[in-house]
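Open the model in your viewer and keep the sequence panel beside it.

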Amino acid sequence: MNRDVDRLDAAIDHVAKRLVAVPGREADLTQQIIRALPDRSSRHRWLIPQFVALGTILAAVVLWTTRDRSMPATAMSSSAFMPMAPFATTANPQLLWPGTQPSERLEPLDPLEPLERTDGLTSVDFDRALTPITPMNALSLSELSLIAIAPPASIEPAAIEITEMPAMAGAPPRPEE
Amino acid sequence: MSLAELTLPILSAVVADEPSRDPEVVRLVSLARTGDRAAFGQLIEGHLAAARRVALAAVGQQSDADEAVQEASVAAWKRLEALNDPAAFRGWFLRIVWRKAIDRRRSLRSWLQRFTPSTTGDQEPIEFVSTNAAPDQVLLSHELQGAIVQVVRSLPRKLRDPFLLAASGDHRYEEIAAMVGAPVGTVKWRVAEARRIIRLKLEHLGFGDPR
């Protein structure tokens, strides 16, 4: 019995070994593989995207920190900013809310652009190129005449004569008998 | 000459020695990392037979196994920088081969072949490699060979994979465990369990006394 079992084990080993046996063509396969090899990439090629991203971030930071601050901001118009300006420049929290301590961060806001130009116009501004008008200081009444204004005519309403009134409001008239 | 004298038990065929740190392998790996294709060819040529047996154990067909080995070789060529220990190239390369072969086995084509009656490889007779050692073929009856092949192929993959990898005689249990992703003890148990099931089924089929 044991001899039969040994023979069966040996047969299993034999067949299993032959199931994974390969014909000897390693040389040909090696040449085939070598021909199919692609070009090797650089060792640090995978770092290129990281460097590009880092460079972009650095450039953005440099541009942001060295931007020209004298240029007026265009994101907020002067008309939209004006209602805030008087309050921001004159408001005192202690006056508005007694007992509150002013915060160190509370500072008057500077307008982003001059609210009104005081110097002379050097270029054509079609919105502001109208000729200045001399302000009227006082109203003179000497040139006025009372005759020039005619008195209003009296209004007399015409008399209303009521000839017949229905017996009942809304009732149909009675037929003649 | 008896059959037992012609074959080796699988468990004793598993390589038990530690892999030696061959300085030539380290040199070839260094050259291959610089883009030397010839060095890479020398590097894989010594392990190509074992790699093909690994792939064949996974996919079951020689053509698919060779394609898996080629894919794995290209992948190893691309990923040589990831090899931390150049002396461990063999195990690293064989693990890539195993994964590529498993991917191929799991591919859609293999999945479809399972449901295509005309291309089912499990029903085809095994294509034994023609060798000059003919006496064992004479001793092994054709019916018994076919029965063993059918029983081996009907094993669950968790048992069949380590069993066939161990049958190749190229790997230590540690290497097989690293390839299949299981502990060494589990691999040993699976190999023994596969053998037990095969023998049990053969005895049920009436092959208890092979002649």
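A contact here means heavy atoms within 4.5 Å. With that rule, take contacts in chain B between residues at least 6 apart in sequence: 71% of them join residues at least 24 apart. This is a predicted model, where local features need pLDDT of at least 70, side-chain atom pairs count only at pLDDT 80 or more, and totals for chains, interfaces and linings use all residues. Residues are numbered from 1 along each chain as its sequence is written, chains are lettered from A and ligands numbered from 1 in the order in which they are written, and side-chain values use heavy atoms, without hydrogens and water.

**Stop 1: chain B.** Select chain B and colour by secondary structure. You get 13 helices and zero strands. Helices are DSSP runs (H or I, at least four residues), strands too (E, at least two), numbered from the N terminus. Now show the surface. Chain B exposes about 10,800 Å², and carbon and sulfur atoms supply 54% of it. Such areas come from the Shrake-Rupley method with a 1.4 Å probe; for residues, only the protein chains shown count as cover. Of its 211 residues, 46% count as buried. Buried means under 20% relative accessible area, exposed over 50%, partly exposed in between (1.4 Å probe, protein chains only).

**Stop 2: helices 5 and 7.** Select residues 48-59 and 89-105 of chain B. The axes of these two helices come within 9 Å and cross at roughly 30°. Therefore helix 5 of chain B is roughly parallel to helix 7 of chain B. Axes are lines fitted to C-alpha atoms, for helices over the stretch in contact, and angles run from 0 to 180 degrees between N-to-C directions. Under 35 degrees is roughly parallel, over 145 roughly antiparallel, 65 to 115 roughly perpendicular, and the rest oblique. Show side chains: the contact includes Val54(B) from helix 5 and Trp98(B) from helix 7.

**Stop 3: helix 11.** Helix 5 and helix 11 of chain B pack at about 150°, with axes 9 Å apart. So the two are roughly antiparallel. Arg53(B), Val54(B) and Ala57(B) of helix 5 meet Asp161(B), Leu164(B), Leu165(B) and Ser168(B) of helix 11.

**Stop 4: Asp161(B).** Is Asp161(B) buried or exposed? Asp161(B) counts as buried, because its relative accessibility is 7%. Select what Asp161(B) touches, leaving out residues up to four places away in sequence: Ala57(B), Trp98(B), Ile102(B) and Arg105(B).
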